[in-house]
Amino acid sequence: MTNFKVVYDRAMGRLRDYRLDNLFIKDEDAFYDFMRQKLYESIDTFNGCLSDLTYHSEKVGTVTEWYFDSTLTTKETSILAYGLIIAWMEQNMLDITQMNLHLNSKDFKNFSESQNLKQKSETLDKMREDMAREITEYQLKNLSNLTFFGGV
């Protein structure tokens, strides 16, 4: 079994967000709840994973821990962490406060915000492409373990 926290640690190694850092410091349970929701999105996008991505929770004292039923490889953990980061990025892009223009009549301010959103969108598209490539490479390296249906 692999603890969800292994994926969270891998994601946080790549991700810098002072809000998440502060959430962890102020309310660790809320941090793990937030990360679990993003991990669910990552699980949904990891098509073709060779390990079973079903999961369960276990009560450890007063704390609930979440585990995958399988022991994941480091590559599978890495792909899930990347998907978690993408889910985090999508939420940040869709944050309405990020999209609203500030009350400022200067053209450069509007242009700057528009360019920022465009750049974030392009970065997110690149991240999705990178994750798809990572999954394809993972599957190709494990081609003998893939199950094909339909009598190929």
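Lys75 and Glu134 form a salt bridge, with their closest N and O atoms 2.3 Å apart. Lys75 sits in helix 4 (residues 74–93) and Glu134 in helix 6 (residues 107–141), so the pair ties together parts that are 59 residues apart in sequence. The model is predicted. It holds 11 salt bridges and 12 aromatic pairs.

**The network around Lys75**
- Salt bridges link Lys75, Lys126, Asp130, Arg133, Glu134 and Glu137 in a network.
- Lys75 has 31% relative accessibility, so this residue counts as partly exposed.

**Other salt bridges**
- Glu41 pairs with Lys38 in a salt bridge, the closest N and O atoms being 3.2 Å apart.
- Both residues, Glu41 and Lys38, belong to helix 3 (residues 28–45). They are 3 residues apart, about one turn of the helix.
- Glu41 is partly exposed, at 33% relative accessibility. Lys38 is buried, at 8%.
- Asp17 and Arg19 also meet through their side chains in a salt bridge (3.1 Å, N to O).
- Asp17 is buried because its relative accessibility is 7%, under the 20% cut-off. Arg19, at 37%, is partly exposed.

**Aromatic rings**
- Ring pairs join Phe4, Tyr8, Phe24, Phe31, Tyr32, Tyr40, Tyr55, Trp66 and Phe68 into a cluster.
- The structure's 12 aromatic pairs include Phe31 with Tyr32. Their ring centres lie 5.3 Å apart and their planes stand at 70 degrees, so the pair is edge-to-face. The cut-off for that class is over 60 degrees.
- Phe31 and Tyr32 are both buried.
- Lys5 lies over the face of Tyr32, 4.5 Å from the ring centre.

Definitions and conventions:
Residues numbered from 1 in each chain as written. Predicted model: local features only at pLDDT ≥ 70, side-chain atom pairs only at ≥ 80, totals over all residues. Heavy atoms only, no water. Phe/Tyr/Trp six-rings, centres within 6.5 Å; stacked < 30°, edge-to-face > 60°. Buried < 20%, exposed > 50% of the residue type's maximum accessible area, 1.4 Å probe, protein only. Lys NZ or Arg CZ within 6 Å of the ring centre and 35° of its normal. Salt bridge = Lys/Arg side-chain N within 4 Å of Asp/Glu carboxyl O. Helix = DSSP H or I, 4+ residues; strand = E, 2+ residues; numbered from the N terminus.
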